[in-house]
Amino acid sequence: MSVHQVTVSAPVNIAVVKYWGKRDTALLLPTNSSLSLTLSQDDLRSTTTVRIDPKFEADRLWLNGKEEDVTSNKRMVNVVRELRALRKSLQDADSALPVIDSWRMHVCSENNFPTAAGLASSASGFAALTFGIAQALDIAERIPRAQLSRLARLGSGSACRSLFGGFVAWNMGSAADGNDSVAEQVADESHWADMEALILVASDARKDTPSTAGMQLTVETSALLQSRIKDVVPKRMEEMRAAIAAKDYDAFAELTMKDSNQFHAVCLDTFPPISYMNDVSRAVVHLITSYNALFTQPGAAGGPKKGYRAAYTFDAGPNAVLYVRREHVAEVLAIVNAVFPVPTTDREAYLGRAAQYVGKEDVAGVASLVKKIGMAPFAAGSLRRIISTSVGDGPRVLGWGAENSLLGENGLPK
Ligand code: DP6
């Protein structure tokens, strides 16, 4: 056996119960459990080619066309070391397995969306890296997926959830070595088939405070975070699991929006304060809140209201992700477009796959809703683009050898 080369892709995930805070910054162990939806790789993905080759002299990494210094990237070093150790332990246990753990590797990775725009690029990136190296070392199918999730976590916390498709919980665990801090699939991507996502990209600029630094400052300074960890998230995780199991959109929507609000509240409670949302983000919250208010009725005592049509959530950046059932996507999009006009130039790039919903709305109905909501329209261009996507599957193998490879025959980026 000579060269092992594989190309894989991995998805983005957007949490509805947010991870924010570490109890161990080296092992990336969280202060609370979290839950996310994996988004379709047909729209957003990291693609990674991994080649291990006895002729290579050093590990090398190219990210979005630029060579990175592998040795200075501690998280990357940890993930690679653990994967090689796993390969070695399998080799030690089975003499029929070729000894390849010492071979150097070239890794080339790219995202099909802007990095660090709050679109969870580190999650899909480290998930693709972990899955790709595990495939190249031929260990991915020999160990439980939860083990790969644990290794991806060493790269970036939220990456552990991108090893699964559908609805995914990251259980915080309690072991000091982090062995039980792994993700698990709560329901697969076909479970709630009419769940769609609309991503309103407010800015594709790099964010101000990276999540890693931001969340540690929150751990150090926010009293509110302690109450979130202790009193809010444990119960919310249970309620969110139940809402997903029952496909109860009202409960799902209310929990999602409350959790996004609380995550940004603990950011503001950080000292000095961190603020990821901007005027456009806040206008989206106002728009969705006013829109939902036209349909919601009180629910059972202590339960969610009934009649929600859209749920917003924001990560560590100004972009909104709206989780919407398919029957309401055209209407939600029309309302968003009324407040954030579609630019006349670049219409196709702005709308992308969302264009399929334009013109499918009840025009008179939408006009009356927009009037009731009563928000003055923003200038065209306040949103950069809209990405329409759905819930999707976990990492995929795209090909072996030259098939779909980002590396040329010489082992360097094409
Ligand atoms: C707001 O996973 O990027 O998206 O573990 O330090 O790499 P590190 O942080 P990261 O944080 C993600 C935070 C979040 C919420 C979430 O995805 O749950």
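Analyst: Two residues are in contact if their C-beta atoms, placed from the backbone, lie within 7 Å. Among contacts in the protein chain between residues at least 6 apart in sequence, 75% join residues at least 24 apart. The model is predicted.

Start with the whole chain. Its secondary structure comes to 10 helices and 16 strands. The radius of gyration is 22 Å, close to the 22 Å that the globule rule gives for 414 residues, so the chain is as compact as a globular protein of that length. Along the principal axes, the C-alpha atoms fill a box of roughly 70 × 50 × 40 Å. Of the 414 residues, 49% count as buried.

Now the division. The protein chain splits into domain 1 (4–189 + 394–400) and domain 2 (195–390). Their centres, taken over C-alpha atoms, are 28 Å apart. Domain 1 gives 27 residues to the contact, and domain 2 gives 36 residues.

Look at the domain 1 side. The largest share, three residues, comes from β2. By class, this side of domain 1 has 17 nonpolar, seven polar and three charged residues.

The ligand comes next. Its shell draws at least three residues from each of domain 1 and domain 2. The ligand is surrounded by 16 residues, and the closest are Ala15, Tyr19, Ser156, Gly157 and Ser158. Helices α2 (121–136) and α4 (211–221) each supply at least two residues of the shell. By class, the shell has seven nonpolar, seven polar and two charged residues.

Val79 lies in helix α1 (residues 74–93). Val79 counts as buried because 23 C-beta neighbours lie inside 10 Å, and the cut-off is 20 or more. Leaving out residues up to four places away in sequence, Val79 touches Phe126, Leu129, Thr130, Leu151, Leu154 and Gly155. Ile229 sits 150 residues from Val79 along the chain, and their C-alpha atoms are separated by 27 Å.

To recap, the contact takes 27 residues from domain 1 and 36 residues from domain 2. β2 gives the largest share of the domain 1 side. The ligand shell draws on both domains, with at least three residues from each.

Note on methods
Residues are numbered from 1 along each chain as its sequence is written. This is a predicted model: local features need pLDDT of at least 70, side-chain atom pairs count only at pLDDT 80 or more; totals for chains, interfaces and linings use all residues. A residue is near a molecule or strand if its C-beta atom, placed from the backbone, lies within 6 Å of it. Helices (H or I, at least four residues) and strands (E, at least two) are DSSP runs, numbered from the N terminus. Ala, Val, Leu, Ile, Met, Phe, Trp, Tyr, Cys and Pro count as nonpolar, Asp, Glu, Lys and Arg as charged, and the others, Gly among them, as polar. Domain bounds come from an automatic or database domain assignment. The radius of gyration is taken over C-alpha atoms; the globule rule is 2.2 Å times the number of residues to the power 0.38. A residue is buried if 20 or more other C-beta atoms lie within 10 Å of its own, exposed if 12 or fewer, and partly exposed in between; C-beta atoms are placed from the backbone.
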